Amino acid sequence: MNRIPFAQQVPHELRRSGRTLLFWQVFPLLWLAFLYYPVRAFLDAPHGPDAAALFWGLNTVFVGVFLRSFWGRPDPRWSLGGWALSVVTYALLLPLAPGGASAYLIYGGSMIGFQASTGLAAWLAILNVALMVLPFWNGTYAPGDLAWLAPNMLFTLVAAYGNHASFRRRVADAQLAAAHAEQERLAAEAERERIARDLHDLLGHTLSVIVLKSELAGKLAERHPARAAEEIREVERISREALGEVRAAVSGYRGSGLSAELARAKVALDAAGVRLTVGSALCTLPPATEAAAAMLLREAVTNVVRHARARTVDVTLVPQGRGWQLTVRDDGVGGLGPEGSGLTGMRERLRAIGGTLAREGRSGTTLTATLPGEDDRPALPVPAGARGRA
């Protein structure tokens, strides 16, 4: 049996769609409907004030622990404590509500499922079933009561199994999300180190040469003006070469293409519990167009994760005329509210390169961008002061 360290048994908060999260928040309240049976059995017979105080007080504590076990961060210690309380509650209230006290053992089976140890959860759930059978030996139940008690035994085992499977799935999801976060952190760290090495290799030697030649030109300025001028021209040449190298390096750092952005989008959406589908193979785009498409995809995915409460996202990129059409569609809450600064900025970015952006908010949100080909991009205006320069 695989053991999971306790530090990993308690998953961190995971992003999930709002509808799924709301369902699992309400679900424990539905389980509380089973309290109807012990309450009805208790009210069917007369009891004194001491018995009533014990019954209602113990039920209040039990409901609080039960809700904490489901609504709080899953914790095996709370699970074990909730199971123990269910057994104690069953033992104390069985004489007061003999026809419905077995409901507490069903609750115990559901709570003990939140365990990393499959063996512990299974054996304690089986113990709950054995405790249900025990009253047949002391005469509390008649043999005919087995007809309604048998489903309770089955519910106990099913609840334990279902919640244990859910717990392990949540642990696995948390570990996967942590692995993705660590992978992104390491990738970012490696990229920072690469940039630092590149800048050192590009500028370290060049700047040293510029400093030395500048000092030499300063010393020669009065005694050998011609040689000083020659050194200054050499400094200018080296500086221009360094500037070109820096510009080439910076252009390589800007973005990493639509394919890389799509890979990052999949990691983010997987962590949020959203399925990503790509409807077609990605086309080869001109650099400026691809940069705009990648930025639009990033902004769209960010909005989906933050606001959409979606389950799926579809991305398609298809040729259209002499350009392309990029569509990002989700099945979230949709709506046509005011656009945020992100989408407004993307609309302006696309307009600057001759593209457009349309948004539709029915049945989710659909962003449709038209991307120009290289020949369709508008020519940038040349400043008046720049005309005639070499």
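At what angle do H5 and H7 pack, and how far apart are their axes? The legends below, which describe a predicted model, begin with this pair of helices.

**Figure 1. Helices H5 and H7 pack at an angle of about 5 degrees.** The axes of the two helices are 12 Å apart. Angles under 35 degrees count as roughly parallel, so H5 is roughly parallel to H7. On the H5 side, the residues that meet H7 are Leu80, Trp83, Val87 and Tyr90. Their counterparts in H7 are Leu124, Leu127, Asn128, Leu131 and Met132.

**Figure 2. Helices H5 and H6 cross at roughly 170 degrees.** Here the axes come within 8 Å. Because angles over 145 degrees count as roughly antiparallel, H5 and H6 are described as roughly antiparallel to each other. Among the H5 residues in this meeting are Ser79, Gly82, Trp83, Ser86 and Tyr90. H6 contributes Ser102, Tyr104, Leu105, Gly108, Met111 and Ile112.

**Figure 3. The largest nonpolar core has 36 residues.** Which members of this core touch the most other members? They are Phe55, Phe66, Tyr90, Tyr104 and Tyr107. At least two residues of the core come from each of helix H3 (36-43), helix H4 (49-71), helix H5 (76-93), helix H6 (102-112), helix H7 (118-133) and helix H8 (146-223). H4 gives the most, with eight residues. A second, separate core holds 32 residues, including Leu262, Leu276, Ala308 and Met346.

**Figure 4. Five strands form an open sheet with mixed pairing.** In general, the strands of a sheet pair through backbone hydrogen bonds, either parallel or antiparallel. The strand order in this sheet is E1-E2-E3-E5-E4. Its edge strands, each pairing on one side only, are strand E1 (275-278) and strand E4 (356-360). On average, neighbouring strands are turned by 15 degrees against each other, direction ignored. Strand E2 (residues 312-320) pairs with E3 in the antiparallel sense over eight bridges. Within this pairing, aspartate 314 has arginine 329 in E3 as its bridge partner. Helix H10 (residues 257-271) packs on the sheet and touches E1 and E2. The direction of H10 makes about 155 degrees with that of E1.

**Figure 5. Strands E4 and E5 pair in the antiparallel sense.** The hairpin of E4 and E5 has four residues between the strands. In this hairpin, serine 363 takes a positive phi near 55 degrees. Helix H12 (residues 341-352) lies across E4 and strand E5 (365-371), and runs at about 145 degrees to E4.

**Figure 6. Aspartate 330 lies in strand E3 (residues 323-330).** Is aspartate 330 buried or exposed? Its relative accessibility is 8%; since buried means under 20%, aspartate 330 counts as buried. The side chain of aspartate 330 reaches the backbone nitrogen of glycine 332 at 2.8 Å. With neighbours within four places in sequence left aside, the residues in contact with aspartate 330 include Val304, Ala308, Thr312 and Val313. Ser363, Gly364 and Thr365 are also among its contacts, and serine 363 is the residue with a positive phi in the hairpin of E4 and E5.

**Figure 7. Leucine 297 lies in helix H11 (residues 287-308).** With a relative accessibility of 2%, leucine 297 counts as buried. Leucine 297 and valine 315 are 18 residues apart along the chain, and their C-alpha atoms are separated by 8.6 Å. Apart from neighbours within four places in sequence, leucine 297 is in contact with Leu258, Glu261, Leu262, Val315 and Val328. One of these residues, Leu262, is a member of the second core.

**Figure 8. The chain has 12 helices and five strands.** This legend places the close-up views within the whole chain. Of the 390 residues in the chain, 35% are buried. Among contacts between residues at least 6 apart in sequence, 73% join residues at least 24 apart.

Conventions: Residues numbered from 1 in each chain as written. Predicted model: local features only at pLDDT ≥ 70, side-chain atom pairs only at ≥ 80, totals over all residues. Heavy atoms only, no water. Buried < 20%, exposed > 50% of the residue type's maximum accessible area, 1.4 Å probe, protein only. Polar contact = N/O pair within 3.5 Å; in protein donor to acceptor, adjacent residues only side chain to side chain. Contact = heavy atoms within 4.5 Å. Pairing = 2+ DSSP bridges. Axes fitted to C-alpha atoms, helices over the stretch in contact; angles between N-to-C directions. Core = buried A, V, L, I, M, F, W, Y, C linked by side-chain atoms within 4.5 Å. Parallel < 35°, antiparallel > 145°, perpendicular 65-115°, else oblique.
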